[in-house]
Amino acid sequence: STVSNASSLPLQTTSSALKGAIQLGITHTVGSLSTKPERDVLMQDFYVVESIFFPSEGSNLTPAHHYNDFRFKTYAPVAFRYFRELFGIRPDDYLYSLCNEPLIELSNSGASGSLFYVSSDDEFIIKTVQHKEAEFLQKLLPGYYMNLNQNPRTLLPKFYGLYCVQAGGKNIRIVVMNNLLPRSVKMHLKYDLKGSTYKRRASQKEREKVFPTYKDLDFMQDIPDGLFLDSDMYNALCKTLQRDCLVLQSFKIMDYSLLVAIHNIDLAQREHAMADGTSQTDTRRPAAQKALYSTAMESIQGEARRGGTIETDDQLGGIPARNARGERLLLYIGIIDVLQSYR
């Protein structure tokens with residue numbers, strides 16, 4: 001009965017009800033957590049699951065709502081509170097980002113058939129995951145904790161919370177993560193890379209999308225000369241990737257990808273000029289991301305650079321690069337789909 005595929009939900013648990021239930025649940029769980037004193041994370045914290053029932057008429061613990069009755073489960077609340085703290089996410093910011101305004105559903109769902117939502121301030125992504133993936137993330141937590149403690153600068157996904165909405169005999173499990181691709185920055189190209197060439201071309205269906213995700217063979221064809229980074233930046237990126245891959249290997253994780261999204265600064269300026277007949281660039285500054293180490297740029301800048309990090313103000317967290325034509329680019333990079341294990 002625990003089908004986790006969100007697409008098979010009855011109509012009343014469609015997107016708007018799911019979004020509402022997620023927001024009610026997170027508001028409650030973060031609120032009740034804030035009454036518990038801060039303390040060190042203990043081994044058993046990784047295995048705790050808290051469950052609370054939300055009847056539509058409300059209860060002494062939960063508000064009334066317009067959806068069907070549902071149950072909301074929070075996995076490892078104390079451990080995830082620690083992870084959020086590590087990334088500088090204050091409880092009120094987390095709540096405000098996720099629960100103050102309606103979540104935005106992203107149309108281009110992943111190949112996995114997952115639903116994706118983004119918080120209205122662009123800070124967080126919510127992704128529905130399968131039962132197996134949620135279970136694997138739970139198993140991963142102690143090792144993930146150890147790894148983050150040693151190395152908070154990582155291109156691995158930042159997991160901020162794992163929850164489950166139970167309604168009408170269905171379990172919908174969701175994970176809250178960092179948003180790699182700010183909507184305020186137009187991505188001109190996007191690639192899902194595995195370093196393999198077998199069947200690694202985007203499908204016809206994918207190519208017809210407004211914003212397709214291309215693959216390795218497409219990358220080799222579109223950008224045969226590759227992307228050019230400043231040598232410090234290149235070394236920092238390679239070192240981070242090597243370190244991250246070692247972790248993935250140690251957990252016997254497979255099927256992950258490197259997501260590379262490219263914003264072409266020069267092309268964007270030409271597009272603006274075309275659009276309004278002047279060569280003015282966009283003057284609206286998107287709000288900086290609140291979470292620490294959440295941008296590609298911060299993820300690769302090692303401790304040695306603490307004092308003199310490269311000026312990142314205009315780069316909106318992207319890694320500066322150029323293409324063979326010398327055009328200025330910003331790269332948004334992260335390792336995705338790490339919840340598949342071959343054990």
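This is a predicted model: local features need pLDDT of at least 70, side-chain atom pairs count only at pLDDT 80 or more; totals for chains, interfaces and linings use all residues.

I began with the term itself: a salt bridge is a side-chain nitrogen of Lys or Arg within 4 Å of a carboxyl oxygen of Asp or Glu. The background idea is that side chains of opposite charge can pair when their charged atoms come close.

Residues are numbered from 1 along each chain as its sequence is written, and side-chain values use heavy atoms, with hydrogens and water left out.

I searched the whole structure and got 17 salt bridges. One entry is a network, in which salt bridges link R90, D92 and D93.

Next I looked up R39, whose side chain meets that of D45 in a salt bridge at 2.8 Å, N to O. For burial I used relative accessible area (buried is under 20%, exposed over 50%, partly exposed in between, with a 1.4 Å probe and protein chains only). R39 is partly exposed at 41%, while D45 is buried at 5%.

Then I checked R200 and D216, which form a salt bridge at 2.8 Å, N to O. R200 sits in the loop between β8 (189-193) and α5 (204-207) and D216 in helix α6 (residues 216-222), so this pair ties together parts 16 residues apart in sequence. (Helices are DSSP runs of H or I, at least four residues; strands are runs of E, at least two; both are numbered from the N terminus.) R200 is buried at 7%, and D216 is buried at 7%.
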